[in-house]
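Let's take a walk through this one, a stop at a time. Have the viewer open and follow along.

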Amino acid sequence: MRRKLSACLVAAVAVSIFAYGASKALAQMRSAAHRAYGQINLKRLMSADQHPDQWLTSGRDFGRSYYSPLNQINQSNVSRLGFAWEYKTHTVRGLEATPIVVDGVMYSSGPVGQVYALDARTGKGIWTFDPSNNMRVNQHSCCDEDNRGIDVWEGKVYVASFDGHLYSLDARTGHVIWKVDTIANHARGYTSTGAPEVAHHVVIIGNAGAEFDARGYVSAYYLDTGKLAWRFYTVPGPPGKPYENPELKKAAKTWDPKSDWKMGGGGTVWDAIQYDPELNLVYFGTGNGTFYNRQQRSPDGGDNLYISSIVALNPDTGRMAWYYQEVPGDQWDFDVVQPLILTDLKIDGSVHKVIMQAPKPGFFMIIDRKTGKVLSANPYVPVTWAKYVDLKTGRPVEAPDARSFKYSTNGKKYIEPSPMGGHNWDPMSWDPQTGLVYIPAIENGQTTLFSGKTYLRAWDPIRGKAVWNVPLMDWWDHAGVMSTAGGLVFQGTGDGYFNAYDAKTGQKLKSIFTGTTIVAAPMTYEIDGVQYVAVMAAWGGGGWNFAHPNSAAYQRGNEGRILAFKLNGGSTPVPPLLPPLPPFPKPPAQTGTAQTIKEGQQLFSDHCASCHLNMDRSLAPDLRRLPPAAHTEFQQIVRGGILQAAGMPPWNDVLTVKQVDAIHDYIISLDWQAYNSQQPQKKK
Ligand code: CA
């Protein structure tokens, strides 16, 4: 008995000594082992304002305000903001996502749906996920390989890959729990670039492709199994077949039965699907119609529901609660897929549950999200396609001749906004303290597409007017925005700065040179009493292949990274300047004829030119600088897909050997022109 007791005592003492000596290490082990990964649930999401140290959705809260109540970094000390850490993504294409931070872990996504899980305090990688193995690179992508984010929910990370697969990943390890192909028809030009959205029991994803021949839809999958719960097509299919969803019966009446159905109709949902737990509704905007020109698309006209519309669905049934078409019978590539901000707003004395949106067509929309009724629609950029939106009917009153592109203003003939819109995918921010929405706004028109002006615009949604404007660089410079209770608005720039502005006045209070073009929106979080501001950095999106000479991408390349800043941080590492361009190499002898070169030029313009601009430092390879080996292997590269991993899809299903030879002849002629232009003129 005694001995037994002693043994127990010895054991107990040994354990306690061990525990005492190793308590710190044990605590660390325990915290790592028991660290919660991705534990976001409805309760946490609905109390996000009480826990501003977390950033739980792409826009922080369920309403996607892109506003944080954190104020450690504020107007009085933002001058001391400096570098905290960086994480290199080892990618060279666009980074558009906003990271999510929960319980000290940052999750974000890369160009084709890579996922990075990092220690949010240090930027050290925990795991990465890369869907690009065996991923077919799509020949149809209007606007770069891009991904606008993830959703994190109850221990899982949801992401869509560029080729339209939806993944459920274990938030702790990155392992695939399930994977599902969301593309209804791979023969059409579908890609997925938006973030999935968890809504009640399902996760919802859409896709892009209305620039090609896609028919828009969203799909909902059960969280646990990945099984399809429902699919909602936004536009009808050819007449004579059953409607996939009952809402298409009404929609079909707004299309000419002789529409060009093989083009799919458009109406794609390529971003900004948003769940409203307060009303148990899912909202999304739909894209343009295909073709853009309604006469080509639906010769007898019509509104062409549900293109260019905001749609509200019940996530449990997939049935429509309401819709509001912002652009009946769209003609101008006016997607209304731009981010939605859900909030409560006092208008004329009563509080409404609203959606705020600055969509492409240029009217700042405030919509009652219970009913879909338009409460306010003021132009936040110059708008000439419509005079105003009739709030009684909800219909825009089109300008005379707006559809024939003959509309004249100040003696100039053009329609505003441009196909880029008054605002595009870049997140805007709603600051309830100032009552202002900060919009990366674009002012240009259909015929002045690449010469417009851009602004960081502080917009008073109630009064319907701009309060301040900060001019940005050019049409391509319009990065996402975040505001904070520190009285600050944060935004990156095309020439590689990360700026903080006074939220009330727009005065620039801090500017950090990063040397990387920024298009994504910043976010902020707090760990162990330290507030961090982070942003993904790399140029991309619409116009991705063009790098403006003033851009950081042109001067310093486009290596992607995630940057984090904090007070009293260090100096930000800046990528070195790129070396001067080498001379054009000597191309092989031209064996083509004038005829094949001409054929090749046409084929090049139809299939290749949207990526290969052949300008200095354009991001898709400059074919004037093809190395000799690429000439030798031209067929294998173009038809054989040997550079697929580098982003060059195989074209054997589109182009014949003879056609590729013709394209090669044309490129050789281009190369000779470039080569000869740099040779010193021979003296006679
Ligand atoms: Ca479009």
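Is Gly422 buried or exposed? Gly422 is buried, with a relative accessible area of 0% (buried means under 20% relative accessible area, exposed over 50%, partly exposed in between, with a 1.4 Å probe and protein chains only). You'll find Gly422 in the loop between β26 (412-413) and β27 (429-431); helices (H or I, at least four residues) and strands (E, at least two) are DSSP runs, numbered from the N terminus. Leaving aside neighbours within four places in sequence, Gly422 is in contact (heavy atoms within 4.5 Å) with Pro359, Lys360, Tyr380, Val381, Pro417, Pro440, Ala441 and Ile442. Trp468 sits 46 residues away along the chain, and its C-alpha atom is 16 Å from that of Gly422.

A word on what you're looking at. This is a predicted model, where local features need pLDDT of at least 70 and side-chain atom pairs count only at pLDDT 80 or more, while totals for chains, interfaces and linings use all residues. Residues are numbered from 1 along each chain as its sequence is written, and side-chain values use heavy atoms, with hydrogens and water left out. The mean pLDDT (the predictor's confidence in each residue, from 0 to 100) is 92 for the protein, and 92% of its residues reach 70 or more. Residues 1-21 are another story: pLDDT is below 50 there, and beyond near neighbours in sequence the stretch has two contacts in the model. Where pLDDT is low, the predicted coordinates should not be read in detail.

On to the aromatics. The structure holds 26 aromatic pairs, where rings of Phe, Tyr and Trp (its six-membered ring) pair if their centres lie within 6.5 Å, and planes under 30 degrees apart count as stacked, over 60 as edge-to-face and the rest as tilted. Take Tyr158 and Trp178: the ring centres are 6.1 Å apart and the planes meet at 50°, so this pair is tilted. Tyr158 belongs to strand β8 (residues 156-160) and Trp178 to strand β10 (residues 176-181), so the pair ties together parts that are 20 residues apart in sequence. Tyr158 is buried at a relative accessible area of 2%, and Trp178 is buried at 7%. The rings of Tyr497 and Phe513, with centres 4.9 Å apart and planes at 50°, are tilted too. Here Tyr497 is partly exposed at 32%, and Phe513 is partly exposed at 28%. There's also an aromatic cluster made of Trp332, Phe334, Phe363 and Trp385.

Next, some strands. Seven of the eight residues of strand β36 (residues 530-537) are buried, so β36 is largely enclosed by the rest of the structure. Strand β35 (residues 523-527) pairs with β36 in the antiparallel sense over five bridges (two strands pair if DSSP finds at least two bridges between them), and Val533 is the bridge partner of Thr524. Two residues lie between the strands of this hairpin, where Asp528 takes a positive phi near 50°. Five bridges also join β36 to strand β37 (residues 561-567), again antiparallel, with Met536 opposite Ile562.

Last stop: helix α7 (residues 594-607). Its buried residues are Ile597, Gly600, Leu603 and Phe604. Seen down the axis of α7, they fall within an arc of 125° (taken from the directions from the helix axis to the C-beta atoms), so they line one face of the helix. Ala594 and Lys598 are exposed on the face turned away from that buried side. What covers the buried residues of α7 includes α10 (657-677).
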